[in-house]
Amino acid sequence: MIPLSTRMRPDNLDDFVGQEHFLYKGSLLYNAIKNGTFESAIFFGPSGTGKTTLARIIASEMDSRFTEINASTSGTKELKELIDNARLRFFGLEKKTTYVYIDEFHRWNKLQQDSLLKALEEGVIRFIGSTTENPYFAVNNAVLSRVRNIYEFKRLSRENIGALLHRALNDREKGFGNLNIGYSEDALELLAELSGGDGRVALDTLGFIVENLDLPQSITREKVAEAMQRKIGFYNKGDDRYNLLSALQKSVRGSDPDAAVHYLARLIDGGADIQMIGRRLLVMASEDIGMAYPSAVSIVNACVQAALMVGYPEAAVNLSQAVVLLASAPKSNASFLAYQEALEDIRTKEIDDVPDHLKDAHYRGADDLGLGRGYKYPHAYGGYVRQQYLPDNLYRSGVKYYRPTNNGSEASFKKFLESLEEKYGRNNQS
């Protein structure tokens, strides 16, 4: 049986779901396809985000021959035959360009990739390559220079996936519209969330559920959990995930790595996705650790990126490292408090303009306005020189937002700032 994700592929641009950051009615890409001016491109991003679907729609809209190959199973020989046939078509009676879609293009070596170059230059083929790898690393520069655009496909939003699921359940020709399948919106929302932004996973899981339902059974959250082989845990109670995230952050803030790892394990076991956990960890690295250990945000970011790359279950190893690091690191929220105080002043006080000597002076006429005059370049003074940086009224009142602690690395920054005050006086005091 043909998978549901294959049956439900849209046939035209207006039915394509997702990637609104570059494809929408009136966008340059949309118009290029509709106007027949689309040339070559590289699509990169995660699986199940619409790369192959969009390539096929482009070929149909352009009214051209479309050939699809996979770089993992095809080599130079197959490509040579394809190009020879395309050349006969281009220079023969048809005089039409062939669109070649090469999936997993990053799997070809330099020689194989370069075999496209002459055909691209002649216009014999138009090339669409898709890859899950960053093309700036995985694709030869010679190929990149001949491709007009590189489009990054992002994971589908829950709303995108929800739209795909509803379409499949209601479509009478390609979907299950004739079966009148009962379902709860909660079940579809859970399926959208557990699919991790992968439309193929969502649709094929829906297909598996429907094909194995004992009608007139409905699609329920329990059926979705069974099909995904995932424990729904806190998904039974919508606010539990936020309680667990809150407990995780407070345990980190309280320097209790055991409690922090406990709540991380409950989040993962309950079905929390990597991005949900990763976003909170990155906030914690700056909000709660901050200048006490400035490297924390870089290390945590590396752990989160590694987790996204390897996926579950191994991603738990990376996330656990990040959590233990944060819980075990010295703590300071001084930088965050400084921002909050500054923001409060901006919202509640009349603030004077930027001092003239700090204003941009890199344009004609700036000097005539007195902008930039009197600015002292700190590097010309050995790295520091006392001068006014705050707006006039804040400067006169001696405003101070950042109050460093003695915790961890922040103590050394505090000592440095205090040494400047002792030697030169404060910048924001008369």
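Mentor: A salt bridge here is a side-chain nitrogen of Lys or Arg within 4 Å of a carboxyl oxygen of Asp or Glu. This is a predicted model, in which local features need pLDDT of at least 70, side-chain atom pairs count only at pLDDT 80 or more, and totals for chains, interfaces and linings use all residues. Residues are numbered from 1 along each chain as its sequence is written, and side-chain values use heavy atoms, with hydrogens and water left out.

Trainee: How far apart are N and O in the salt bridge of Glu193 and Arg241?

Mentor: The side chains of Glu193 and Arg241 meet in a salt bridge. This pair links distant parts of the chain, with Glu193 in helix α10 and Arg241 in helix α13 (residues 240–253), 48 residues apart; helices are DSSP runs of H or I of at least four residues and strands are runs of E of at least two, numbered from the N terminus. The N to O distance is 2.8 Å.

Trainee: Is Arg241 buried or exposed?

Mentor: Buried means under 20% relative accessible area, exposed over 50%, and partly exposed in between, with a 1.4 Å probe and protein chains only. Arg241 has a relative accessible area of 8%. Because that value is under 20%, Arg241 is buried.

Trainee: Which residue forms a salt bridge with Arg253?

Mentor: The closest N and O atoms of this salt bridge are 3.6 Å apart. The pair joins helix α13, which holds Arg253, to helix α15, across 34 residues. Arg253 itself is partly exposed, at 38% relative accessible area. The partner is Glu287.

Trainee: How many residues apart are Asp11 and Lys174?

Mentor: The side chains of Asp11 and Lys174 meet in a salt bridge at 3.7 Å, N to O. Asp11 sits in the loop between α1 (4–7) and α2 (28–35), and Lys174 in the loop between α9 (158–170) and α10 (185–194), so the pair links distant parts of the chain. Asp11 is exposed at 56%, while Lys174 is partly exposed at 26%.

Trainee: Why do α15 and α16 count as roughly antiparallel?

Mentor: Axes are lines fitted to C-alpha atoms, for helices over the stretch in contact, and angles run from 0 to 180 degrees between N-to-C directions. Angles under 35 degrees count as roughly parallel, over 145 as roughly antiparallel, 65 to 115 as roughly perpendicular and the rest as oblique. The axes of α15 (residues 274–289) and α16 (residues 296–310) come within 9 Å. α15 and α16 are roughly antiparallel because their axes cross at roughly 175 degrees.

Trainee: Which residues does Ala202 touch, not counting those up to four places away in sequence?

Mentor: Ala202 is found in helix α11 (residues 199–211). Ala202 is buried, with a relative accessible area of 1%. Contact means heavy atoms within 4.5 Å. With residues up to four places away left out, Ala202 touches Ile161, Leu165, Leu191 and Ser195.

Trainee: What is the phi of Glu104?

Mentor: Glu104 is found in the loop between β3 (98–103) and α5 (110–114). At 22% relative accessibility, Glu104 counts as partly exposed. Its phi is positive in a residue other than glycine, near 55 degrees.
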